[in-house]
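Open the model in your viewer and keep the selection panel at hand. The stops below go from the whole chain to single side chains.

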Amino acid sequence: MDRIAITGGARLSGEIAISGAKNSAIKLMAASLLTDEPLRLTNMPRLADTRFLGALLRRLGTDVQEIDGESASETVLRTQEIVSAFAPYDLVRQMRASFNVLGPLLARSGHAKVSLPGGCEIGARPVDLHLMALRALGAQIELHEGYVYAQAPRGLTGARIEFPLSSVGATEHALLACVLARGETELVGAAREPEIVDLAACLNAMGAKVEGAGTDRIVVTGVARLSGATYAVAPDRIETGTYALAAAMAGGEVRLTHTRADLIESLLSKMEQAGVEIERRNDGLTVKRNGARLSPVDIETGTFPGFATDLQAQFMALMTLADGESVVRETIFENRFMHVPEMARLGADITVSGGEARVRGVARLEGAQVMATDLRASVGLVIAALAAQGETIVDRVYHLDRGFERLEQKLSACGAQVRRLSDREGAS
Ligand code: EPZ
């Protein structure tokens, strides 16, 4: 199992090009099941999660071609025919978002058998709202032995679907299912995250009629068929925020390109309050921090445009060195403080009580051996390590590979001392 070694203390200087968004790309790939024509996705990130979904789609009948040039990566997906409407546990377990093939399979072929994803490191993560939405569209759903058996032999029918809480995955799943339904669907209490806007824009490019994405009311007029399209995946807002925080933690000046500052405004305003300088530009942003200790700033995670839960661990890393106490409240997932004991190994002073962490800034962190627990927690440890004295080894790097493309290269290009240790190589 690979590990990453980071020697802290180097200031960062340079430019990082942000990749396409993982959490958009995997839903856009699933949209290819809705048409027999090719869907060409440009600005595609190459990640373990996109590979997992590619493997599942191939089993379902999709031809998946990855085309990588010097400066561009694209994936062309074509599902001429659904050859199997079965998504087995082994594949869904590896990546929960695979569950979202259920809606498109049902819409296109009238039936599907898809494994329930189960829980994960950050929480129980039920799928009751996904199933509620599909049932509202007329699907007959039964659960047996860990599988969802869904049928809609005469197709799905538009409906009014009211979500009792904002769910990104359930909103996306409802969208993927209802674009081919008969009549109109209204999604009330829909999630407003940029990934929903991205999915709706891609579906519209394929001929769907989706209005209101980005607000909490989305109206979809069903169409009989969708066509192929070419669509560019939006920039990854979590990767953008992560490198902004890395630059703030290490100090120096880093320009983030191929991205948009407005995707992470709630983070940027908190960073400015802490004392980090941010320059917003048309093609991204520049993050500068020179010398002085940062001020402590409280955050509470929330749905978009609130503070993203996927940036919580990284922001906490920054606060470990602030000049005073800050409070980090997690409101989206019940178990998203698994990085805390690992940050404590680096010398951070944090106490957790329920959904609240109190971070008392310390004068310095010290390198240690730590363990990655999930994707965003692990990159939080990498950020902490960038400012820790000495060497930190982050174990279980496969978590990072799920969502960060060429992390070591992107950070090293700005002067960070980061390298990957393969299985047999020891730490220096
Ligand atoms: C997406 O997860 C992202 N994953 C997560 O990123 C992200 O943290 C999350 O949205 C919030 O922004 C992908 O897009 C693949 P939710 P999702 O449904 O869709 C509860 C990462 O690291 N809920 O908005 O699963 C749920 O338990 C990942 O890239 C139900 O109760 O999130 C949670 O408390 C981690 N019933 C809340 O809603 C349901 O049927 C929000 O979850 C569905 C969700």
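## First stop: an aromatic pair

Select Phe 86. This is a predicted model, and at 27% relative accessibility Phe 86 counts as partly exposed. The whole structure holds two aromatic pairs. In this one the ring centres of Phe 86 and Tyr 147 are 5.8 Å apart and the planes make 35 degrees, so the pair is tilted. Phe 86 belongs to strand 6 (residues 86–87) and Tyr 147 to strand 9 (residues 147–151), so the pair ties together parts 61 residues apart in sequence.

Stay on Tyr 147 and show Lys 113. Lys 113 lies over the face of the Tyr 147 ring, 4.7 Å from its centre.

Select Phe 307 and Phe 315. These two form an edge-to-face pair, 5.5 Å centre to centre with 75 degrees between the planes. Phe 307 is buried, at 4% relative accessible area. Phe 315 is buried too, at 0%.

Next, pick Asp 310, in the loop between strand 18 (299–300) and helix 10. Asp 310 forms a salt bridge with Arg 376, with the closest N and O atoms 4.0 Å apart. Arg 376 sits in helix 12 (residues 375–386), 66 residues from Asp 310.

The whole structure contains 33 salt bridges. Select Glu 300, Glu 325, Arg 329, Asp 349, Glu 356, Arg 358 and Arg 360: salt bridges link them in a network.

Zoom in on Arg 360. Its side chain meets that of Glu 325 at 3.8 Å, N to O. Glu 325 lies in strand 19 (residues 325–329) and Arg 360 in strand 21 (residues 356–360), so this pair ties together parts 35 residues apart in sequence. Arg 360 also forms a salt bridge with Asp 349, at 3.0 Å, N to O. Asp 349 is in strand 20 (residues 349–353), 11 residues from Arg 360.

Check the accessibility here. Glu 325 is partly exposed at 38%, Asp 349 is partly exposed at 32%, and Arg 360 counts as partly exposed at 25%.

Leu 175 is in helix 6 (residues 168–178) and is buried, with a relative accessible area of 0%. Beyond its neighbours within four places in sequence, Leu 175 is in contact with residues including Leu 187, Ile 196, Leu 203 and Val 220.

## Last stop: between the domains

Colour by domain: domain 1 is 3–18 + 235–426, and domain 2 is 22–232. Their centres, taken over C-alpha atoms, are 31 Å apart. Show the contacts: 23 residues of domain 1 touch 22 residues of domain 2. The two domains bury about 1700 Å² between them, 49% of it on carbon and sulfur atoms. Select Phe 304, Arg 402 and Glu 405, which supply 34% of the area that domain 1 buries against domain 2, more than any other three residues.

How many salt bridges are there between domain 1 and domain 2? The count is two. Finish on Glu 195 and Arg 237, whose side chains meet in a salt bridge at 2.8 Å, N to O.

Conventions: Residues are numbered from 1 along each chain as its sequence is written. This is a predicted model: local features need pLDDT of at least 70, side-chain atom pairs count only at pLDDT 80 or more; totals for chains, interfaces and linings use all residues. Side-chain values use heavy atoms; hydrogens and water are left out. Rings of Phe, Tyr and Trp (its six-membered ring) pair if their centres lie within 6.5 Å; planes under 30 degrees apart count as stacked, over 60 as edge-to-face and the rest as tilted. Helices (H or I, at least four residues) and strands (E, at least two) are DSSP runs, numbered from the N terminus. Buried means under 20% relative accessible area, exposed over 50%, partly exposed in between (1.4 Å probe, protein chains only). A charge sits over a ring if NZ of Lys or CZ of Arg is within 6 Å of the ring centre and within 35 degrees of the ring normal. Domain bounds come from an automatic or database domain assignment. Contact means heavy atoms within 4.5 Å. Buried area is the accessible area (1.4 Å probe) that two parts lose on being put together, summed over both.
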